[in-house]
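Let's take a friendly walk through a protein chain, starting with the whole and then stopping at a few places inside it. Have a look at the picture first.

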Amino acid sequence: MMEEADITSDECEWNFLPTDIIGRILSYLEFDDKINAALTCKDWYDCIELPYIWNDFHFKFNTEVDSKQLRVFRGIGYAKHIKNMSIACDQTSDYNRDNSLKVFKHFSSLTSMRLNSITIKFTGENPLFFDGRHFVNELIHLLIRMRSGERANLRCLNLNDFPVGFGDEIITELVNHSNLHSLNIMNESLVCKVSPQCLLDLVNSCQYLTELHLFYSSVSEELVYALSSPDHKPLRRLAIKCVRAEKYSKDISEQAWMNLVHHSENMRVTLKFDHTCPLNRIATIMHPVIPVSHLHLDTFTRIHDEIRMAAVHYSGTLQVLTVQTRPSNSLNEALQELSYRCPHLKQIHVYCEVSAPVIQTLLDNLTLSSYTLRDTTDGPPGPWLPTILTPSDQPDIYY
């Protein structure tokens, strides 16, 4: 494609760009735009045929017209080159759900595939009596199909935005995918039915697992010790969500957490407590040895004692704090103490009124990249929008 020529101007024309460069540019286009680009000239058609052009494919089903994305499975089959696949579906409509299920069925029917990352995201509200069972079954069928070759290639499964309750059936199949690196089952379902024993089997099988997002009710002391095993790769991220079921869950010993921290020295931990979590369980779960970098106290109750505890326990690691509670003088004092003890805090989001002097103290003592803070003089209530100070230096908010 690239011919020798003397280029005298500072601008480089398209016909002098190498095929790989054009391919990288075209890889950012949506499916329809890629097909239109292929019709432009033979050189661009050759670029569209490059396998890495199709490494990432994001299906979005919001209207009936979005079914045209299924054409990626037709003809010569660009779908066989897809490595990272995500589905964003407005599940309120039948046709969106049907199109999403067709994606799983098409992938399962491929004679060869390179798929190693799957993300499912529901963008609407679940219809009445919708349990998502068809999605769970098709996902399991695809996982079985993916391991029918010489080896299972799945490296990442993200169900964070998949608000469907499921039990051990998905995890049981994932045990066969020993190359798994990242698993996120910390969704918005009301009840977690994944058993600790099933997750323990997964961890024992998947030694390369370095990122794990799950519910506290699925965690056991044996699981923490398994993650600390010398044969297991050190964790990079661990996210735990605590809900109503923690009323009956067992405590993890400090020794188990210490072993994991020693084994995974660079591990960052997210703890998230929602409004259903019993208040008396929060303090017992917040072990001081856990290197918590992201803490979400979304309890809508008085939580000032727990904020003080976080300021003491996680003074050297805490980067992001989110609080949903009620205003009080005790809250103001706890936030003030936090500003003195946690120098690494980059984001703070408090969804209730805070006194103006405390807000000023937080801004003076901390180098924040973004914050959500409002005092009583901010006028009539409106959307709780964060103030962005340094967008390039923001830590991710892990859920």
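This is a predicted model: local features need pLDDT of at least 70, side-chain atom pairs count only at pLDDT 80 or more; totals for chains, interfaces and linings use all residues.

Residues are numbered from 1 along each chain as its sequence is written, and side-chain values use heavy atoms, with hydrogens and water left out.

**The whole chain**

The chain has 13 helices and 13 strands; helices (H or I, at least four residues) and strands (E, at least two) are DSSP runs, numbered from the N terminus. Its C-alpha atoms fill a box of roughly 70 × 55 × 45 Å along the principal axes. Of the 399 residues, 49% count as buried, where buried means under 20% relative accessible area, exposed over 50%, and partly exposed in between (1.4 Å probe, protein chains only).

**A strand with two faces**

In a regular strand the side chains alternate between the two faces of the sheet. β1 pairs with strand β2 (residues 84-89) in the parallel sense over six bridges; two strands pair if DSSP finds at least two bridges between them. Lysine 60 stands opposite alanine 88 in β2.

| Residue | Relative accessibility |
|---|---|
| Asparagine 160 | 15% |
| Leucine 260 | 0% |

Asparagine 160 sits in strand β4 (residues 156-161). Leucine 260 belongs to helix α9 (residues 254-263). Leaving aside neighbours within four places in sequence, leucine 260 is in contact (heavy atoms within 4.5 Å) with Val224, Leu227, Ser228, Leu235, Leu238 and Met267. The C-alpha atoms of leucine 260 and valine 289 are separated by 9.9 Å, and these residues are 29 apart along the chain.

How do helices α12 and α13 run relative to each other, roughly parallel or roughly antiparallel? The axes of α12 (residues 329-341) and α13 (residues 356-365) come within 9 Å and cross at roughly 10 degrees. Therefore α12 is roughly parallel to α13; angles under 35 degrees count as roughly parallel, and over 145 as roughly antiparallel. Axes are lines fitted to C-alpha atoms, for helices over the stretch in contact, with angles from 0 to 180 degrees between N-to-C directions.

Terms used. Angles under 35 degrees count as roughly parallel, over 145 as roughly antiparallel, 65 to 115 as roughly perpendicular and the rest as oblique.
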